[in-house]
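The following note sets out points for a colleague who is reading the model alongside the sequence. Please consult both while going through the numbered paragraphs.

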Amino acid sequence: MQEKLEKKNEAQSENEASYLRTVQRGKLTEKVRAALAGELRSGIVQLEIKDRFIILRFPARTTFALGNSDLEGAIGGTLDRIADVLARTNGDIIVSGHSDNRPISTGRYRSNWDLSSARAVSVIHRLLRHPNLNRGRVSAVGYADTRPRTSNDSADGRAKNRRVEIKVEIPATR
(Lines give C-alpha, C1' and ligand atoms only; values in the text may rest on other atoms or scores of the structure.)
Protein backbone atom coordinates (compact mmCIF):
# COMPACT_ATOMS: atom_id res chain seq x y z
CA MET A 1 0.00 0.00 0.00
CA GLN A 2 2.79 2.40 0.95
CA GLU A 3 4.60 1.61 -2.31
CA LYS A 4 1.50 2.45 -4.39
CA LEU A 5 1.12 5.74 -2.55
CA GLU A 6 4.78 6.62 -3.18
CA LYS A 7 4.45 5.83 -6.90
CA LYS A 8 1.28 7.93 -7.11
CA ASN A 9 3.08 10.85 -5.41
CA GLU A 10 6.05 10.48 -7.78
CA ALA A 11 3.77 10.50 -10.82
CA GLN A 12 1.91 13.52 -9.48
CA SER A 13 5.21 15.34 -8.82
CA GLU A 14 6.44 14.57 -12.34
CA ASN A 15 3.16 15.78 -13.86
CA GLU A 16 3.41 18.98 -11.84
CA ALA A 17 7.05 19.48 -12.90
CA SER A 18 6.11 18.91 -16.54
CA TYR A 19 3.30 21.45 -16.29
CA LEU A 20 5.58 24.02 -14.64
CA ARG A 21 8.22 23.52 -17.36
CA THR A 22 5.56 24.05 -20.03
CA VAL A 23 4.46 27.29 -18.40
CA GLN A 24 8.08 28.49 -18.00
CA ARG A 25 8.90 27.52 -21.59
CA GLY A 26 5.94 29.55 -22.80
CA LYS A 27 7.01 32.61 -20.79
CA LEU A 28 10.60 32.38 -22.01
CA THR A 29 9.50 31.83 -25.60
CA GLU A 30 7.31 34.97 -25.40
CA LYS A 31 10.21 37.03 -24.03
CA VAL A 32 12.58 35.79 -26.74
CA ARG A 33 10.05 36.39 -29.52
CA ALA A 34 9.42 39.93 -28.27
CA ALA A 35 13.14 40.75 -27.94
CA LEU A 36 14.09 39.24 -31.32
CA ALA A 37 11.02 39.84 -33.48
CA GLY A 38 12.94 41.42 -36.35
CA GLU A 39 15.74 38.87 -36.31
CA LEU A 40 13.28 35.97 -36.27
CA ARG A 41 11.37 37.42 -39.24
CA SER A 42 14.53 38.02 -41.26
CA GLY A 43 16.12 34.62 -40.50
CA ILE A 44 19.10 36.00 -38.59
CA VAL A 45 18.08 33.66 -35.79
CA GLN A 46 15.73 30.68 -35.68
CA LEU A 47 13.74 29.53 -32.66
CA GLU A 48 12.98 25.88 -31.93
CA ILE A 49 10.99 24.61 -28.97
CA LYS A 50 11.93 21.08 -28.00
CA ASP A 51 10.99 19.13 -24.90
CA ARG A 52 12.53 20.91 -21.90
CA PHE A 53 14.52 23.38 -24.00
CA ILE A 54 14.29 26.29 -26.32
CA ILE A 55 16.99 26.51 -28.96
CA LEU A 56 18.15 29.68 -30.67
CA ARG A 57 19.94 28.76 -33.88
CA PHE A 58 22.24 31.19 -35.68
CA PRO A 59 23.26 30.27 -39.21
CA ALA A 60 26.99 30.90 -39.62
CA ARG A 61 26.34 33.50 -42.34
CA THR A 62 24.76 35.74 -39.70
CA THR A 63 27.45 35.33 -37.05
CA PHE A 64 30.86 34.47 -38.52
CA ALA A 65 32.90 34.78 -41.68
CA LEU A 66 33.76 31.44 -43.28
CA GLY A 67 36.54 29.69 -41.33
CA ASN A 68 36.55 32.30 -38.56
CA SER A 69 35.34 32.56 -34.97
CA ASP A 70 35.26 36.36 -34.67
CA LEU A 71 31.68 37.59 -34.34
CA GLU A 72 30.37 39.69 -37.20
CA GLY A 73 29.51 43.21 -36.03
CA ALA A 74 25.76 43.12 -36.65
CA ILE A 75 25.13 40.08 -34.45
CA GLY A 76 26.43 41.76 -31.27
CA GLY A 77 23.20 43.66 -30.59
CA THR A 78 21.15 40.51 -31.07
CA LEU A 79 23.31 38.60 -28.58
CA ASP A 80 23.05 41.50 -26.13
CA ARG A 81 19.23 41.32 -26.25
CA ILE A 82 19.38 37.56 -25.77
CA ALA A 83 21.69 37.99 -22.78
CA ASP A 84 19.24 40.46 -21.26
CA VAL A 85 16.39 37.94 -21.55
CA LEU A 86 18.54 35.07 -20.26
CA ALA A 87 19.74 37.10 -17.28
CA ARG A 88 16.11 37.28 -16.09
CA THR A 89 15.49 33.52 -16.37
CA ASN A 90 16.69 30.29 -14.80
CA GLY A 91 18.16 27.13 -16.28
CA ASP A 92 21.40 26.03 -17.86
CA ILE A 93 22.56 27.64 -21.09
CA ILE A 94 24.57 25.51 -23.51
CA VAL A 95 26.19 27.26 -26.47
CA SER A 96 27.25 24.82 -29.18
CA GLY A 97 29.30 25.40 -32.30
CA HIS A 98 28.89 23.27 -35.43
CA SER A 99 30.79 23.06 -38.70
CA ASP A 100 30.41 21.43 -42.08
CA ASN A 101 32.53 18.42 -43.04
CA ARG A 102 35.15 20.31 -45.04
CA PRO A 103 38.49 19.92 -43.25
CA ILE A 104 40.16 23.04 -41.89
CA SER A 105 43.74 23.37 -40.77
CA THR A 106 45.16 26.84 -40.28
CA GLY A 107 47.56 28.53 -37.93
CA ARG A 108 44.59 29.42 -35.77
CA TYR A 109 42.43 26.26 -35.98
CA ARG A 110 43.85 22.74 -36.15
CA SER A 111 40.49 21.26 -37.11
CA ASN A 112 36.74 21.77 -37.20
CA TRP A 113 36.76 20.84 -33.51
CA ASP A 114 38.84 23.92 -32.73
CA LEU A 115 36.74 26.15 -35.01
CA SER A 116 33.36 25.01 -33.67
CA SER A 117 34.53 25.29 -30.05
CA ALA A 118 36.01 28.75 -30.68
CA ARG A 119 32.72 29.93 -32.18
CA ALA A 120 30.77 28.74 -29.14
CA VAL A 121 33.22 30.47 -26.82
CA SER A 122 33.00 33.71 -28.83
CA VAL A 123 29.23 33.74 -28.33
CA ILE A 124 29.62 33.04 -24.61
CA HIS A 125 32.09 35.91 -24.21
CA ARG A 126 29.55 38.26 -25.78
CA LEU A 127 26.67 36.95 -23.63
CA LEU A 128 28.74 37.29 -20.46
CA ARG A 129 29.24 40.99 -21.08
CA HIS A 130 25.79 41.28 -19.46
CA PRO A 131 26.50 42.00 -15.78
CA ASN A 132 23.57 39.94 -14.46
CA LEU A 133 24.04 36.75 -16.46
CA ASN A 134 25.33 34.09 -14.07
CA ARG A 135 28.52 32.53 -15.51
CA GLY A 136 27.77 29.28 -13.69
CA ARG A 137 24.76 28.66 -15.94
CA VAL A 138 26.73 28.82 -19.20
CA SER A 139 28.80 26.17 -20.96
CA ALA A 140 30.40 25.80 -24.41
CA VAL A 141 30.46 22.72 -26.63
CA GLY A 142 32.14 22.22 -29.98
CA TYR A 143 30.61 19.49 -32.14
CA ALA A 144 32.62 20.00 -35.34
CA ASP A 145 30.71 18.17 -38.12
CA THR A 146 29.27 15.40 -35.92
CA ARG A 147 25.69 16.74 -35.71
CA PRO A 148 24.73 17.94 -39.18
CA ARG A 149 21.21 19.27 -39.77
CA THR A 150 21.32 18.20 -43.42
CA SER A 151 23.62 16.61 -45.98
CA ASN A 152 27.04 18.13 -46.61
CA ASP A 153 26.79 17.19 -50.30
CA SER A 154 26.01 20.73 -51.50
CA ALA A 155 27.13 24.27 -50.71
CA ASP A 156 23.65 25.01 -49.34
CA GLY A 157 23.74 21.93 -47.09
CA ARG A 158 27.19 22.79 -45.78
CA ALA A 159 26.03 26.36 -45.06
CA LYS A 160 23.07 25.03 -43.01
CA ASN A 161 25.40 22.82 -40.99
CA ARG A 162 27.70 25.74 -40.06
CA ARG A 163 25.89 27.27 -37.12
CA VAL A 164 25.87 28.20 -33.46
CA GLU A 165 23.04 27.20 -31.14
CA ILE A 166 22.06 28.53 -27.74
CA LYS A 167 20.10 25.86 -25.89
CA VAL A 168 18.28 27.02 -22.77
CA GLU A 169 17.00 24.47 -20.28
CA ILE A 170 13.55 25.10 -18.88
CA PRO A 171 13.60 24.18 -15.20
CA ALA A 172 10.44 23.26 -13.32
CA THR A 173 10.27 26.23 -10.95
CA ARG A 174 7.36 27.95 -9.33
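1. Asp 51 is placed in the loop between E1 and E2; helices (H or I, at least four residues) and strands (E, at least two) are DSSP runs, numbered from the N terminus. Its phi is positive, about 50°, although Asp 51 is not a glycine. Most residues other than glycine have a negative phi. Asp 51 is exposed, at a relative accessible area of 62% (buried means under 20% relative accessible area, exposed over 50%, partly exposed in between, with a 1.4 Å probe and protein chains only).

2. On the source: this is a predicted model, in which local features need pLDDT of at least 70 and side-chain atom pairs count only at pLDDT 80 or more, while totals for chains, interfaces and linings use all residues. Residues are numbered from 1 along each chain as its sequence is written, and side-chain values use heavy atoms, with hydrogens and water left out.

3. Ala 144 lies in the loop between E4 and H6. Is Ala 144 buried or exposed? At 2% relative accessibility, Ala 144 counts as buried.

4. The protein chain contains six helices and five strands, arranged along the sequence as α-α-β-β-α-α-β-α-β-α-β. Of its 174 residues, 41% count as buried. Among contacts (heavy atoms within 4.5 Å) between residues at least 6 apart in sequence, 69% join residues at least 24 apart.

5. The five strands form an open sheet in the order E1-E2-E5-E3-E4, with mixed pairing (two strands pair if DSSP finds at least two bridges between them). Strand E1 (46-50) and strand E4 (138-142) stand at the edges with a single partner strand each, so one side of each is left without a neighbour in the sheet. Neighbouring strands are turned by 20° against each other on average, direction ignored. Strand E3 (residues 93-98) pairs with E4 in the parallel sense over five bridges, and Val 95 stands opposite Ala 140 in E4.

6. Helix H4 (residues 75-87) packs on this sheet and touches strand E2 (53-59), E3 and strand E5 (163-169). The direction of H4 makes about 170° with that of E2; axes are lines fitted to C-alpha atoms, for helices over the stretch in contact, and angles run from 0 to 180 degrees between N-to-C directions. The buried residues of H4 include Leu 79, Ile 82, Val 85 and Leu 86. The 13 residues of H4 should span 18 Å at 1.5 Å a residue, and its end C-alpha atoms are 18 Å apart, which agrees (the expected span is 1.5 Å times one less than the number of residues).

7. Glu 165 belongs to strand E5 and is buried, with a relative accessible area of 11%. Which side chain joins that of Glu 165 in a polar contact of 2.6 Å? The partner is Arg 57; a polar contact is a pair of N or O atoms within 3.5 Å, where, within protein, one must be able to donate a hydrogen and the other to accept it, and residues adjacent in sequence count only if both atoms are side-chain atoms. Not counting residues up to four places away in sequence, Glu 165 also touches residues including Ile 55, Val 95 and Arg 149.

8. Arg 162 sits in the loop between helix H6 (155-161) and E5 and counts as buried at 18% relative accessibility. Arg 162 and His 98 are 64 residues apart in sequence and 5.4 Å apart in space, C-alpha to C-alpha. Beyond residues up to four places away in sequence, Arg 162 touches several others, among them Phe 58, His 98, Asp 100 and Arg 119.
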